[in-house]
Amino acid sequence: MRTSLYPAVDELERRARTLVRAAPGLLRLDQVGRSRAGRPLWLLSAGHGDRHILAVAGAHANEPVGGASALRLAALFGRRPGLLEPLGCTWHFLLCLDPDGAHLAHGWQPEQPEPSLTECHRHFYRPAFARQPESLPAPPGKPLPESAALVRLLDELRPVAQFTLHGIEFGGAFVMMTREVPGAADAFRETAARLRVPVDRDPVDGPDWRLDPPGVLVLPDGHGTDERDPSGYVAESTWFHPRRHGTVTTLIETPAWAVPSVSDARPVTDPDRAAARLGEVLLGRTRELAAVLGTRLDDLAVPEELAPLRDAARELLDVAPSIVASWAAEEPGGFQGHFATRGISARRIPLRVAAMASRALARTDPRTVEILDDLVREWSQELEKTYDLRWVPVAVQTGLHVRTMLNTARLVCGGGG
């Protein structure tokens, strides 16, 4: 029987209530805000310690694994409350930070035993930057209601640790930490090795962060609001907000499809040629998409309820040249893993554009949708062949999240953090 592997956003509340009924007094569920569309934001809490830990799931609509990981760890606490006692903490799980985005991405649900990358992208949605609740606008911009709810929660709890649970479509695992926690990087790498998940030696995220290879990025001393991510936006976010309370934030990325080559430390014969090839792939495919789309992603051609898909697709097309420029400005890593990671990104961006543009135009332009769907299929198959994609069982994906959270929390709390 083929079954969905991740809980849908509406299922998160139901499953959380089931856990609460099974462990009354230990687990509890509260509403801590509402989304832009009025959907509730649910906080599942475990324990009664004086200090607090917060795990945030569902920050990106295309990353449903975080909710599964939150429920798994909460269920573990329900069965084994003794795990909480040495930490001296109450553990909180924000089950889905962006329920509106999760609803629009409903269907991005791989099925076992043979998940289809092509079929998953028929339902793909990842919001434009301004609709991502972990992002905070520079003053005097007004944060999204979901962002404001998370900021309030962070200021109320003043957690010793915040975990943000992410899941990339394909690649390797990595973590980003707002400060170094001795032992945490090695514990993460050991966990990934035990679970046989490749670690991304040199992630594309956090270009201004300090790389502790393989797979660990640490916020450098003196970080300010001038830091920028590859799409050109100031990378101020809810990751950084609780530093005023002494909180360490750890972002954990786990892949749905693993790519072993992102761990490859062998040297590249001609790094300059490899770097140029990356730009050719990304810019060539975005030019192809621009030719197909023309002016079809204008305000009149897309129904209002599908506008988020249109906006996200247009944004990716617009920022592609700046992403290529950021790669060109990098010091070439000189090893296979560096170029494998960027090669995946060069293919992932146009694939996302084609998938979201197809959905945005589904009601108004069937001929263009047919062309875009052909590109989704062609590019998905090319990704699978080029990078030997290997499905990572969801139990392994959530296991990486859970073990990394527990190990890091023990180190933070054991050190009085």
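Guide: We can start with strand S4 of this predicted model, where both faces are covered: Cys 89, Trp 91 and Phe 93 on one side are buried, and so are Thr 90, His 92 and Leu 94 on the other.

Visitor: What makes strand S4 largely enclosed by the rest of the structure?

Guide: Buried means under 20% relative accessible area, and six of the six residues of strand S4 (residues 89-94) are buried, so the strand is largely enclosed by the rest of the structure.

Visitor: Which strands pair with S4, and in which sense, parallel or antiparallel?

Guide: Strand S2 (residues 40-46) pairs with S4 in the antiparallel sense over four bridges, and within that pairing Leu 44 has Phe 93 as its bridge partner. On the S3 side the sense is parallel, with six bridges between S3 and S4, and there Ile 53 has Trp 91 as its bridge partner. Between S3 and S4 the chain passes through helix H2 (residues 65-79), and this β-α-β crossover is right-handed.

Visitor: How do you know that S3 and S5 count as paired?

Guide: Two strands pair if at least two bridges are found between them, and four bridges join strand S3 (residues 51-56) to S5, the two running parallel. In this pairing Val 56 stands opposite Thr 164 in S5.

Visitor: How many bridges does S5 form with S9?

Guide: S5 and strand S9 (residues 248-258) are paired over ten bridges in the parallel sense, and Phe 163 has Thr 250 as its bridge partner in S9.

Visitor: Why is S5 called largely enclosed?

Guide: Eleven of the eleven residues of strand S5 (residues 161-171) are buried, so this strand is largely enclosed by the rest of the structure. Phe 170, found in strand S5, has a relative accessibility of 1%, and therefore counts as buried under the cut-off of 20%. Leaving aside residues up to four places away in sequence, Phe 170 touches Leu 117, His 121, Trp 257, Val 259, Ile 344, Arg 348, Leu 351, Leu 383 and Leu 389.

Visitor: Why is H7 described as roughly antiparallel to H8?

Guide: Helix H7 (residues 271-293) and helix H8 (residues 307-329) pack at an angle of about 170 degrees, with their axes 10 Å apart. Angles over 145 degrees count as roughly antiparallel, so H7 is roughly antiparallel to H8.

Visitor: Which residues meet there, and how many of them are nonpolar, polar or charged?

Guide: From H7 come Leu 278, Gly 279, Leu 282, Leu 283, Thr 286, Leu 289 and Leu 293, which meet Leu 317, Ala 320, Pro 321, Ile 323, Val 324 and Trp 327 in H8. By class, this contact of H7 with H8 has eleven nonpolar, two polar and no charged residues.

Visitor: What makes Arg 347 a buried residue?

Guide: Arg 347, whose place is in helix H9 (residues 336-360), has a relative accessible area of 9%, and is therefore buried, the limit being under 20%. Apart from its neighbours within four places in sequence, Arg 347 is in contact with Val 281, Arg 285, Glu 382, Leu 383, Thr 386 and Tyr 387.

Visitor: Is Ser 147 buried or exposed?

Guide: Ser 147, which lies in helix H5 (residues 145-157), is buried, with a relative accessible area of 0%. Not counting residues up to four places away in sequence, Ser 147 touches Pro 133, Ser 135 and Leu 136.

Visitor: Why is Arg 196 called exposed, and why is Asp 388 called partly exposed?

Guide: Exposed means over 50% relative accessible area, and Arg 196, in the loop between helix H6 (184-195) and S7, has 78%, so this residue is exposed. Asp 388, in the loop between helix H10 (366-387) and strand S10 (390-391), has 40% relative accessibility, and therefore counts as partly exposed, the class between 20% and 50%. Each has a positive phi without being a glycine: for Arg 196 the value is near 60 degrees, and for Asp 388 about 50 degrees.

Visitor: Where is the cis peptide bond?

Guide: The cis peptide bond joins Pro 213 and Pro 214, with omega about -5 degrees, and Pro 214 lies in the loop between strand S7 (210-212) and strand S8 (216-218).

Technical notes:
Residues numbered from 1 in each chain as written. Predicted model: local features only at pLDDT ≥ 70, side-chain atom pairs only at ≥ 80, totals over all residues. Heavy atoms only, no water. Buried < 20%, exposed > 50% of the residue type's maximum accessible area, 1.4 Å probe, protein only. Axes fitted to C-alpha atoms, helices over the stretch in contact; angles between N-to-C directions. Parallel < 35°, antiparallel > 145°, perpendicular 65-115°, else oblique. Contact = heavy atoms within 4.5 Å. Nonpolar A, V, L, I, M, F, W, Y, C, P; charged D, E, K, R; others polar. Right-handed = clockwise from strand over helix to strand, strands pointing away.
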